[in-house]
Amino acid sequence: MERAFVLLKPDCLSTGRRPAVEAAAAAEGLAVVCRHPVALTPSDVRLLWSEYTDGGHALMRAFLDRYLCGGVSEVLLLRGPDAFEAARRVKRAIRSRYANGPFANLVHTAERRGELARQANHLLGRCPACAEPFACDEPPVTPPRPAGRDFRRDADLPGLVESLWPVVQATDPPPPAPHRLDTRPPAAAVYLGADRAQSLDSAVTAVWSALPGVALARAVTLMLHAGRVGGYPIAVGGSRAVQRSHRTLRAHGITACGIGPAPRS
Ligand SMILES: [Zn+2]
């Protein structure tokens, strides 16, 4: 029998979704071996999500600290056949039913076996009932995600995250107004889609660079909204300004973007 874990994030506990997770685990043939309440600290978050660095993922760090360190979480140690894959299916089932964006997705499980062993040993290592270390031949560290600008130079990031928190937690947030690239009547728009190859920080860096004068909070909101709806006009303007903006997105490695008609306002 294999072991795995599911981390119930603070929003999972505060919205009463624990029974749904346990039912999904049971449906996958997984037994709950041990339950661990844990109050994650920023240093836990750094160790557990090592694919994000302080300098290259300053925004993600600030959002994760706000998300995961603001309340109690719980680690469920699970045991059952093919537990690693089964736990991932539990995560997907719960997220597809209840998740609401990257900072309201309720549960975490490791996507790689090396990551599972490393995170489980960090989260469970102090409990006598499940102290037997997880071992794995695969590399313990998840490869780093694409980095972005170190926005700590530009803004008070914890303050920015706090101001955006109601929007990122909302079930159906209002669509943010596209950025105006110039003062002309909008002739065209730059569209952005969801790009899983990008990180929050690399995508926001691209948007912030491609939309001259945009406020950082607006760049974050536009990027998150585009990721949520899968294609969204993030900027409008004359056709030359729109083309310039689109070229900048492409130069930053964004592939899920294009030029289209300006939305009616
Ligand atoms: Zn335990």
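Predicted model: local features only at pLDDT ≥ 70, side-chain atom pairs only at ≥ 80, totals over all residues.
Residues are numbered from 1 along each chain as its sequence is written, and side-chain values use heavy atoms, with hydrogens and water left out.

The zinc ion comes first. Its protein donors are Cys-34 (SG), His-36 (NE2), Cys-127 (SG) and Cys-130 (SG), lying 2.2 Å from the ion. Donors are N, O and S atoms within 2.8 Å of the metal (3.2 Å for Na, K and Ca); water is not among the atoms, so sites may look incomplete. Along the chain the donors of the zinc ion follow the spacing C-x1-H-x90-C-x2-C. Distant parts of the chain are linked here: His-36 belongs to strand β2 (residues 31-38), while Cys-127 is in the loop between α6 (113-124) and α7 (157-169), 91 residues apart. Helices (H or I, at least four residues) and strands (E, at least two) are DSSP runs, numbered from the N terminus.

Why is the arrangement around the zinc ion tetrahedral? The 4 donor atoms subtend angles of 93 to 126°, and four donors count as tetrahedral if all angles lie between 85 and 135 degrees.

Cys-34 is buried at 13%, Cys-127 is buried at 13%, and His-36 is buried at 11%. As for sulfur pairs, the structure holds 0 disulfides, a disulfide being a pair of cysteine sulfur atoms within 2.5 Å.

Helix packing is the next topic. The axes of helix α2 (residues 18-27) and helix α5 (residues 83-98) come within 9 Å and cross at roughly 140°; axes are lines fitted to C-alpha atoms, for helices over the stretch in contact, and angles run from 0 to 180 degrees between N-to-C directions. That angle makes α2 oblique to α5, since angles under 35 degrees count as roughly parallel, over 145 as roughly antiparallel, 65 to 115 as roughly perpendicular and the rest as oblique. α7 and helix α9 (residues 216-229) pack at about 40°, with their axes 11 Å apart, and are therefore oblique to each other.

Last, Ala-62 lies in helix α4 (residues 58-68) and is buried, with a relative accessible area of 13%. Its C-alpha atom is separated by 19 Å from that of Gly-227, 165 residues apart along the chain.

Key. Buried < 20%, exposed > 50% of the residue type's maximum accessible area, 1.4 Å probe, protein only. Tetrahedral: all angles 85-135°; square planar, octahedral: opposite > 155°, others 65-115°.
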